[in-house]
Amino acid sequence: MEILVVNTSLDWAARNPQFEDRRVTRFLTDHGHHAHDVPIPMVGAASSSALALGLLPYATYGDALLGLGHRAAFAIHPHKLVIVDEEVIDAFVGLGAEDHSLLSDSLEGCTELVATSESVAAFLEQHTSTAVDVIVDATGLLARLEQRR
Amino acid sequence: MRVAVISASVPFVRGGAEMLEEELVRQLRARDVDVVHIRLPFDWSTPAAVQRSMAGAAAVRLPNVDRVLPLKFPAWLVPHDEKVAWVFHQFRQMYDLWEAGLSGWSTDDRSALHLRRLVVQSDTATLSQCIRVHTYSPTTRDRLRRFNGIDSSLLYTPMATDSVFRSGAHGDEIVALGRVSGAKRQALAVEAVALTQTPVRLVIAGVPDPPEYGVQIRRRIRELGVGDRVTFIDRFITEAEKISLLETALASVYQPIDEDNFGYVTAESFLARRPVITATDSGGVCWIVKDGLTGYVADPQPRAVAAAFDALFNDRRRAAELGDAGFDRLSGLELNWDHTIRTLLA
């Protein structure tokens, strides 16, 4: 399977070393997939990255997009698995109604949405209508990606 | 200083430029520079797809970055006040390849014509906004000046590896390393082997891209009956394998079609003191491979390439002299990361 690995959060690796994008890419490659990391690590409000991520041509490539960080929800791809960490909590705080809808709709639009911890999953369930599972390592991500083949 | 290295690439395709950008990031980190690597996906299947990629780049915001280093189109469209461009690749389909009728799009196609205007104007505008513009080869520098009216300073590419190459006796094999593709033209070397007067051998080693080109190479080896003299290692070879192949090679053959830079294959061959056989239409390679001085520059015809193969096979001393001269030529360029990074961060 061809998998695009898209890190969208500047400090993602510091918070989630087990999901560091190059490490995940290597892991997927070691398990027989053709993975390619296309990082676009950003900071700041999710809405400020929505346009760029929505325009960039991720959908042209790969059987699946593995998004690291909540901003990846804005990328367009027919099979999009996004893993979200606690950064999403700050992202939702203080959002106006319009920006809240933009972010929650995008998260709900993912083929699969998973969280790095129970607390993040519980938070997401308050802001989306999606049931969110917790995945704690790359093996879990791989299983989830392959489940959809 | 917080630095963003921004490149653009077609996902799942990996070549010399990708190796170089990764090495640049690694070298910056080794000097304690806080660096992020951004790799924009690029789709050039249609004019609309290119425009979308451009718009995506222009929409990227990097508020907490002190210096942006864009390397490939459309990375310099990312807005920032502190941009220093190191231009590896413009979108050549809109420049020299367009003029040569090799863009893949009809010059009567209105959407392609519109795109061409847009790309040229956007490149000119956004590169002009950079604090400085560097180019990585004389070919790129001249193209940028000609089409965009932008002067740039040359900043050559240091090696993307710190491997130590060895130089042994010059054997019977000519090696063709790197990505195996129509643009790199390894098939020409296969055709040449069939016309040689000597028992010179050829080893092609690299990943076929696309795979069909690898199939084509195998078929020609069979059809020409040179299977006993041509070895095709159709996979990614390790650094150790590459060093070993070069160590005992007679020479290296590298004949891409109109390449911008001299190529890592050339540089690595010279580091191993192997002469390089290239073609008159190989572009930037001819800037460093000089006919009769550091290798041979042959017409891109099998017979001419075969003559170069035979000449080296028949005169190993000459092969060694040419390889030594290539090594000296490369050393004279002072390709080192300290200089490169000082220049980019100045």
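This is a predicted model: local features need pLDDT of at least 70, side-chain atom pairs count only at pLDDT 80 or more; totals for chains, interfaces and linings use all residues.
Strand β5 (residues 132-135) of chain B is joined to β6(B) by two bridges in the parallel sense. Thr135(B) has Leu154(B), in β6(B), as its bridge partner.

## The β2-β1-β3 sheet of chain B

Another open sheet of three strands in chain B has the order β2-β1-β3, again with parallel pairing. Here β2 (34-41) and β3 (67-70) of chain B stand at the edges, and because each has a single partner strand, one side of each is left without a neighbour in the sheet. From one strand to the next, the twist averages 20°.

Strand β1 (residues 2-9) of chain B runs parallel to β2(B), and eight bridges join the two. Within this pairing, Ala4(B) stands opposite Val36(B) of β2(B). Helix α1 (residues 16-30) of chain B packs on the sheet and touches β1 and β2 of chain B; the direction of the helix makes about 170° with that of β1(B).

## The nonpolar core

The largest nonpolar core comprises 148 residues. The residues with the most contacts inside this core are Val6(A) and Leu66(A) from chain A, together with Ala4(B), Ile6(B) and Leu69(B) from chain B. Helix α10 (residues 302-314) of chain B provides the largest share, six residues. Domain 1 (2-155) and domain 2 (173-332) of chain B each contribute at least three residues to this core.

Beyond its neighbours within four places in sequence, Leu66(A) is in contact with Ile3(A), Leu4(A), Val5(A), Val6(A), Leu81(A), Leu141(A) and Leu145(A).

## The contact between chains A and B

The contact takes 21 residues from chain A and 19 residues from chain B. On the side of chain A that touches chain B, β1 (2-7), β2 (34-37) and α3 (47-55) of chain A each supply at least two residues. The greatest contribution to this side comes from α3(A), with four residues.

By class, the side of chain A that touches chain B has 14 nonpolar, six polar and one charged residues.

Terms used. Residues are numbered from 1 along each chain as its sequence is written. Chains are lettered from A and ligands numbered from 1 in the order in which they are written. Two strands pair if DSSP finds at least two bridges between them. Axes are lines fitted to C-alpha atoms, for helices over the stretch in contact, and angles run from 0 to 180 degrees between N-to-C directions. Two residues are in contact if their C-beta atoms, placed from the backbone, lie within 7 Å. Ala, Val, Leu, Ile, Met, Phe, Trp, Tyr, Cys and Pro count as nonpolar, Asp, Glu, Lys and Arg as charged, and the others, Gly among them, as polar. A nonpolar core is a set of buried Ala, Val, Leu, Ile, Met, Phe, Trp, Tyr and Cys residues joined through C-beta atoms within 7 Å. A residue is buried if 20 or more other C-beta atoms lie within 10 Å of its own, exposed if 12 or fewer, and partly exposed in between; C-beta atoms are placed from the backbone. Domain bounds come from an automatic or database domain assignment.
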